[in-house]
Amino acid sequence: MSGVVRIKRVYDDPAPEDGYRVLVDRLWPRGVSRERAAVGTWLKQIAPSAELRTWWDHDPARLDEFTARYRAELDANPALDELHRLLHDHPVVTLVYSARDPHLNQAQVLRDYLAARSGTTGRGGESR
């Protein structure tokens with residue numbers, strides 16, 4: 001299972017280099033139509049639990065603890081199988097998220113988790 005995994009805000013324009021776009025938020029992004037989002041799959045089950053997301057509240061001081069807790073959730077998450085299948089089927093997958101901060105979001109944690117576990121390349125960062 002190798003390929004490029006990127007991350008990108010759903011509010012940024014889709015681009016051909018995004019490859020296959022996967023929305024990784026539990027809630028649909030405000031003000032974005034399905035057409036504008038241009039996602040192939042909405043994999044809401046891969047997102048952090050509602051309890052974890054609420055606890056974290058995108059607080060930079062809690063990022064390390066959030067990362068550890070989210071990785072523990074991912075270790076037990078059956079939706080990971082679907083994401084691995086998508087990574088296998090598509091040479092480029094962009095994890096799409098709605099958080100404001102491009103450096104402080106669950107998609108970044110998920111991308112790093114995937115890279116560490118499955119040998120994907122893709123420290124491709126934010127795709128613009």
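Which backbone oxygen lies 2.7 Å from a polar atom of the side chain of Arg21? It is that of Ala37, and the pair makes a handy way into this predicted model. A polar contact here is a pair of N or O atoms within 3.5 Å; within protein, one must be able to donate a hydrogen and the other to accept it, and residues adjacent in sequence count only if both atoms are side-chain atoms. As the model is predicted, local features need pLDDT of at least 70 and side-chain atom pairs count only at pLDDT 80 or more, while totals for chains, interfaces and linings use all residues. Residues are numbered from 1 along each chain as its sequence is written, and side-chain values use heavy atoms, with hydrogens and water left out.

Arg21 sits in strand β2; helices (H or I, at least four residues) and strands (E, at least two) are DSSP runs, numbered from the N terminus. With a relative accessible area of 4%, Arg21 is buried (under 20% is buried, over 50% exposed, in between partly exposed; 1.4 Å probe, protein chains only). Setting aside residues up to four places away in sequence, the residues Arg21 touches include Lys8, Pro14, Val39, Thr41 and Thr94, where contact means heavy atoms within 4.5 Å.

Now for helix α4, which spans residues 79-89. Its residues Ala79, Leu80, Leu83, His84, Leu86 and Leu87 are buried. Looking down the axis of α4, these buried residues fall within an arc of 160°, so they line one face of the helix; the arc is that of the directions from the helix axis to the C-beta atoms. On the other side of α4, Asp81 and His88 are exposed, Asp81 at 58% relative accessibility. As for what covers the buried residues of α4, the list includes β1 (4-9), α3 (63-75), β4 (92-97) and α5 (106-118).

Leu83 turns up again in the largest nonpolar core, a set of 26 residues. A nonpolar core means buried Ala, Val, Leu, Ile, Met, Phe, Trp, Tyr and Cys residues joined through side-chain atoms within 4.5 Å. Along with Leu83, the residues with the most contacts inside this core are Ile46, Leu95, Leu110 and Leu114. At least two core residues come from each of β1, α2 (50-56), α3, α4, β4 and α5. Apart from this core lies another, of 5 residues, among them Val10, Val32, Ala37 and Val96. Ile46, leaving aside neighbours within four places in sequence, is in contact with residues including Val24, Tyr70, Leu83 and Leu110. Asp81 and Ile46 are 35 residues apart in sequence and 9.9 Å apart in space, C-alpha to C-alpha.

What about the aromatic rings? The whole structure holds 3 aromatic pairs (rings of Phe, Tyr and Trp, its six-membered ring, with centres within 6.5 Å; planes under 30 degrees apart are stacked, over 60 edge-to-face and the rest tilted). The Trp56 and Phe66 rings have centres 3.8 Å apart and planes at 10°, so they are stacked. Phe66 and Tyr70 are both buried, and Trp56, Phe66 and Tyr70 form one aromatic cluster.

Charges sit over rings too (NZ of Lys or CZ of Arg within 6 Å of the ring centre and within 35 degrees of the ring normal). Arg34 lies over the face of Trp28, 4.4 Å from the ring centre, and the charged end of Lys44 sits over the ring of Trp42, 4.5 Å from its centre.
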